[in-house]
Amino acid sequence: MLPALKEASGWPDERIKREFQINDGRIRATTRLFRRDKPLRADYVLEYVGDLPVAVVEAKRWRKDAADGLEQAKRYAKLLDVPFAYSTNGQKIIEFDFAAGTETIIAGFPTPEQLWQRYRAAKGLSSEVQVAATIAPFDQTLRNWDNTAKRPRYYQQVAINRAVRSLTRGDRRVLLVMATGTGKTMVAAQIVTKLWATRWPDASRRPRVLYLADRNILVDQPKDDYFAPMFGDAVHKLSGADPKTGRNIYFGLYQSLDSGEGGEQFYRQFAPDFFDLVVVDECHRGSSRDDSQWRQILQYFAPAAQLGLTATPVEEGNIDTYAYFGNPVYVYSLANGIEDGFLAPYRVRKVRFNVDLTGWRPDDGQTDIYGNEIPDNLYGPKEYEKVLAILERTEEAARYLTECLQQTDRMGKTIIFCENNDHAGRMRAALTNANKEMVRRYPNYVCRITSSDGQHGRVLLDDFRQADTEEPVIAVTSRLLSTGVDIPTVRNIVLFRRIGSMPEFKQIVGRGTRLYPAADKLTFDIIDFVDATRLFNDPTFDGPALRVVRDEADETGHIVDTTPEDVPDEEIVAEPPSDYEPQDFGTFDEDAPGDGQITDQDEIDRIQARSHRLYVNGVDVFVDGSAHYISAGDGRRLRLVELRQYVRDRVIEMKLEPDELRAQWAQAKSRRVLRDRLTRHGVELDELAERLGQPASDTLDLLLHVTWQTPLVTRQERAHRLEREHREFLESFAPEAREILMTILYQYAVHGEDGLDLTVLRAPALAHLGTPTELAGRFGGAQNLRTAIDQLSEMIYESA
């Protein structure tokens, strides 16, 4: 294949990228471990210049049909956004031209110049400035955690090139929609790099750029981490004082630009046509409303091209991202990022409290802890922490979270989203008291970071963001950390606040999706106390409708039954706006009445008028079943299923019957093959017993139980039954050999089936009896020992 490209078509070595890796391979998560799928690799990618692919080539062996590789080549070409895909077996070459819509057998590969001219026509690169911007190299100043150059990933290159083509074509408004954690800031910086290199739109000078956001961290992070290292002194942050019109790349807050002395806004110190490009970060907020005061800033700078960046475009009422910016030139979703292995997959643990499921009603004449009489109504999740706070509910959540961290990683960074700042303060106190031993070692182990915490909160946030800081570990917030904060080491996202907005839900989930391999952060957990993950069911999320399964628990909290839970069609996604004005102590939703809850409008008004909520203690609060979930996908869309259902489906897919499963499991060799098959299907057997809450049961019994509802028995019970029912087998061996078999049986009962092969001979419990060779000698050789262990295993796994 290479000679055909190099000799006949003139492609130089440096423009032929062999075994071109497109993605990193999806990460398959377990409780504490992970594994990756194989990455997608194209056999060859042809580049006209560095980092500008123009074609994909798949090469098959000469005995294969050349057509066998074409669909694969087309798939890779679509991902890389190139218009030409080739498949060859060395004798025949098939070309697929996406722009022309043709499939043709050709005699030889086009030359680089021929393909470039066709590429220009396919992409509409008609002007010299478009060509110059397209072939301009990416900036490689930035470094990864391992000190390699930070190069744009394939999808970032597609986003950059599409945006640059649109801008240099003269489009005035351009929209990029990219999931949180996929590098929108990197994309923006490289877009500016290409425009900077080509002196767009005025060849006599460098472009002037305004980067807009509505929070300091959304301005400071891209400025300090990306643009300043890449563009140096050309970068300037506007503060509302001196505009410094001699710079090129400006960063500004809407708030600063909209302020000013003498009634004149600061932004008016710049001419309307001063900027060539306005980058609007998080463009679904801030200036997104038609009647927003901040929209006037964008309208004032209308002569400039405007680039909108968001993970969550909004289309409701007078907020319409698409109406302002138009359709996105590129979309890269959460599902895409997880499938490619660039975003962390996640598990969801759904936890419900008894008072959330059944509601809570006061006794006649009951008062809160301050002596305020509590209106006699049934209160539920819509009222909790807004109208009424049950103190034990927060304390039970803190206890549960502490237990989760103890079982996983006490130092795993965690963000908890509470209803409001007051709720966040009480959650901080409850977690502090539940983690006294950690707080003694790390005083800031738990902290609150909200708008009310001012400069101290910002200092804590800066520490929390750093990958190499030990504290804070747990950040309790309300809304402040829901968007725009890059904290790649976060391992747990905790939802303790009702969420009605899909964009906000996506943003919150996105806090955990960033990877940080340097700290082995490749997955994260979502712990949901408030059924916020019902929003996974909404079609506007990057996935199909969920199958949600609820675990039922007995009075001790142990799961006793699992039943499917239907999400009603009328489940709202975005709550209607309230007629009430927000108060210092929270808000009250107009849609609070319902399902037998507060219905007396006078009582609602009276509670609201007091401007503080009711605080109740002495309520028995406990976890009413906790359902464990894992994330899965088909490569295009996400879905969420309960663990038992997922395992059951995988076993049934493998077409195994109970007797066949037992037989394969009984032999060490076939057991290894079966474990490998299940692992490839996404069933992580090493974690199954712990995640199902049955650590004493054998993996085989767990598979049988969740698939065919067979009774569960423990490994200890199996071992005792073998001793009782197969005494003759054990006594058929000499005492010194029987001692080894009994030790192996004991090891199985305590540690599981991993010891039912020859590797057990290296276990400490057997090492003191001799070397593996010496132990085998007690049986007359290694083959006899292997046979004895296989027989022992078969007897262990006989039907109970």
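The following paragraphs describe a predicted model, moving from its open sheet to its aromatic contacts and then to one of its helices.

The sheet is built from 6 strands in the order 1-4-5-6-7-8, and it is open, with mixed pairing. At its edges lie strand 1 (16–21) and strand 8 (102–106), each of which pairs on one side only. On average, and with direction ignored, neighbouring strands of this sheet are turned by 30° against each other. In general, the strands of a sheet pair through backbone hydrogen bonds, in either a parallel or an antiparallel manner. Strand 1 and strand 4 (residues 41–49) run antiparallel and are joined by 5 bridges. Within this pairing, I16 has L46 of strand 4 as its bridge partner. Helix 3 (residues 112–123) lies across strand 4, strand 5 (52–59), strand 6 (84–88) and strand 7 (93–97). The helix runs at about 115° to strand 5.

Attention now turns to the aromatic side chains. A search of the whole structure finds 37 aromatic pairs. One of them joins Y154 and Y155, whose ring centres are 5.8 Å apart; the pair is edge-to-face because the planes stand at 85°, and planes over 60 degrees apart count as such. Y154 is buried, since its relative accessible area is 8% and the limit for burial is under 20%. Y155 likewise counts as buried, at 0% relative accessibility.

Y250 and F270 form an edge-to-face aromatic pair, with 5.8 Å from centre to centre and 75° between the planes. This pair links distant parts of the chain, 20 residues apart: Y250 belongs to strand 12 (residues 249–253), whereas F270 lies in the loop between helix 8 (254–257) and strand 13 (277–280). Y250 is buried at 0% relative accessibility, and F270 is buried with a relative accessible area of 2%. Both residues belong to one aromatic cluster, which also contains F266, Y267, F274, F275, Y300 and F301.

The charged end of R173 sits over the ring of Y324, at 3.7 Å from the ring centre. For K413, the charged end sits over the ring of F464, at 5.4 Å from the centre.

The last element is helix 13 (residues 391–407), which comprises 17 residues. From its first C-alpha to its last, helix 13 reaches 25 Å, close to the 24 Å expected at 1.5 Å a residue. This helix is mostly covered, with 12 of its 17 residues buried.

Key: Residues numbered from 1 in each chain as written. Predicted model: local features only at pLDDT ≥ 70, side-chain atom pairs only at ≥ 80, totals over all residues. Heavy atoms only, no water. Helix = DSSP H or I, 4+ residues; strand = E, 2+ residues; numbered from the N terminus. Expected span 1.5 Å × (residues − 1). Buried < 20%, exposed > 50% of the residue type's maximum accessible area, 1.4 Å probe, protein only. Pairing = 2+ DSSP bridges. Axes fitted to C-alpha atoms, helices over the stretch in contact; angles between N-to-C directions. Contact = heavy atoms within 4.5 Å. Phe/Tyr/Trp six-rings, centres within 6.5 Å; stacked < 30°, edge-to-face > 60°. Lys NZ or Arg CZ within 6 Å of the ring centre and 35° of its normal.
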